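Student: Could we go through this structure together, beginning with the terms?

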Amino acid sequence: MTRQVKVKDVIIGGGAPVPVQSMLNVPTSDASSALRQIVKLEKAGCDLVRLTVNDKEAAAALPEIVEKSHVPLIADIHFDYRLALAALEAGIAKLRINPGNIGDPKRTSMVAEAAGKKGIPIRIGVNSGSLREDVKKKILSGKLSLGEAMGRHALTETRQLEKCGFRDIVLSVKSSSVPETVRAYEFLHDNCDYPLHIGITEAGTVEDALLKSGAGLGHLLLKGIGDTIRISITGPVEKEAEAGRKLLQFLGLRPYGPEVISCPTCGRTQVPLEKTAEKVRSALKADKELRSFPCKVAVMGCVVNGPGEASAADAGLAGGKGYFLLFAKGESVRRVSPENAVGELLEELRLIKKRKC
Ligand code: SF4
């Protein structure tokens with residue numbers, strides 16, 4: 001069990017529900033754009049939002065952003081401790097720094113002391129690129145694995161904060177390699193009790209990023225490792241939040257809303273299944289009553305095997321010749337026309353929801 005830290009009303013660690021994070025990709029100095037993106041992320045289900053504080057202009061925009069954001073914000077700081085102090089002054093809920101690149105340990109102490117007074121946690125975020133040159137040489141010569149090197153480096157950085165009596169720490173050790181990142185987090189899991197922010201960095205555009213993050217984070221989370229997640233994607237930020245929520249739901253860790261399952265189709269398929277599944281997915285996403293109802297909804301290609309194969313689903317559609325069969329928990333409910341199939345499925349789900357509540 002890891003220690004717990006509080007980021008405003010969001011708890012990280014100690015068995016708390018795993019929060020989903022993402023990061024803004026607009027300049028923080030442009031407060032209106034930053035706030036617009038925060039709202040998008042909030043709607044996509046993001047629990048925590050990080051933003052860069054990379055210059056004085058960004059720091060100057062922070063008070064307005066902090067005041068107007070409903071989601072707790074995390075300031076990402078590199079090199080300049082004064083920006084970390086300014087972010088704390090602006091009311092930021094968490095900091096991400098690397099003591100190693102802040103320089104003089106006295107500066108790190110000043111940040112730790114100011115954060116400690118306000119009860120603000122600090123994430124130490126180590127990436128494969130932030131390792132020392134001598135460590136990189138050891139990795140190249142095969143004397144040390146990248147994963148272990150990142151884990152060890154994170155613990156060394158942690159000591160700097162511990163020396164100041166600061167323990168509200170979250171750790172991350174990310175690389176673009178799934179096996180090395182997994183190794184790094186397993187190392188930390190075995191060697192400290194700090195909560196872990198897990199993610200694969202530089203994971204690529206949507207398809208690759210989802211596969212890499214699903215593989216790496218899925219493996220770790222199923223082993224009970226990981227207290228908050230970010231799925232890094234080169235693409236729209238809200239996709240990161242949506243993917244994070246879905247991953248947690250698929251792993252059975254945090255229910256969010258309907259999960260649509262559909263068969264891979266085969267020679268028995270009687271209907272345009274991909275289109276139908278997409279229609280069901282969009283209709284559920286747009287439905288205010290059902291979009292947060294944690295249930296399993298199936299869209300299957302044939303009536304012969306569909307209802308049975310998807311008997312775990314709360315409700316579903318199976319394609320017949322010129323009709324759909326509406327079914328619930330594997331049992332037939334009634335035949336519906338292709339035009340009304342999605343609407344009837346949603347109505348059935350409303351009834352199921354009423355019965356469950
Ligand atoms: S449910 Fe029917 S159509 Fe879909 S894969 Fe199974 S047998 Fe094929």
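Tutor: Axes are lines fitted to C-alpha atoms, for helices over the stretch in contact, and angles run from 0 to 180 degrees between N-to-C directions. Helices (H or I, at least four residues) are DSSP runs numbered from the N terminus. This is a predicted model, in which local features need pLDDT of at least 70, side-chain atom pairs count only at pLDDT 80 or more, and totals for chains, interfaces and linings use all residues. Residues are numbered from 1 along each chain as its sequence is written.

Student: At what angle do helix 3 and helix 5 pack?

Tutor: Helix 3 (residues 81-89) and helix 5 (residues 105-118) pack at about 10°, their axes being 9 Å apart. Helix 3 is therefore roughly parallel to helix 5 (angles under 35 degrees count as such).

Student: Which residues make the contact?

Tutor: Tyr81, Ala84, Leu85 and Leu88 of helix 3 are in contact with helix 5, whose part is made by Arg107, Met110, Val111, Ala114, Ala115 and Lys118; contact means C-beta atoms, placed from the backbone, within 7 Å. Ala, Val, Leu, Ile, Met, Phe, Trp, Tyr, Cys and Pro count as nonpolar, Asp, Glu, Lys and Arg as charged, and the others, Gly among them, as polar.

Student: New topic: which residues are around the ligand?

Tutor: They are Cys263, Pro264, Thr265, Cys266, Arg268, Thr269, Met300, Gly301, Cys302, Asn305, Gly306 and Glu309, where a residue is near a molecule if its C-beta atom, placed from the backbone, lies within 6 Å of it.

Student: How does that shell divide by class?

Tutor: The shell around the ligand has five nonpolar, five polar and two charged residues.

Key: Helix = DSSP H or I, 4+ residues; strand = E, 2+ residues; numbered from the N terminus. Parallel < 35°, antiparallel > 145°, perpendicular 65-115°, else oblique. Contact = placed C-beta atoms within 7 Å.
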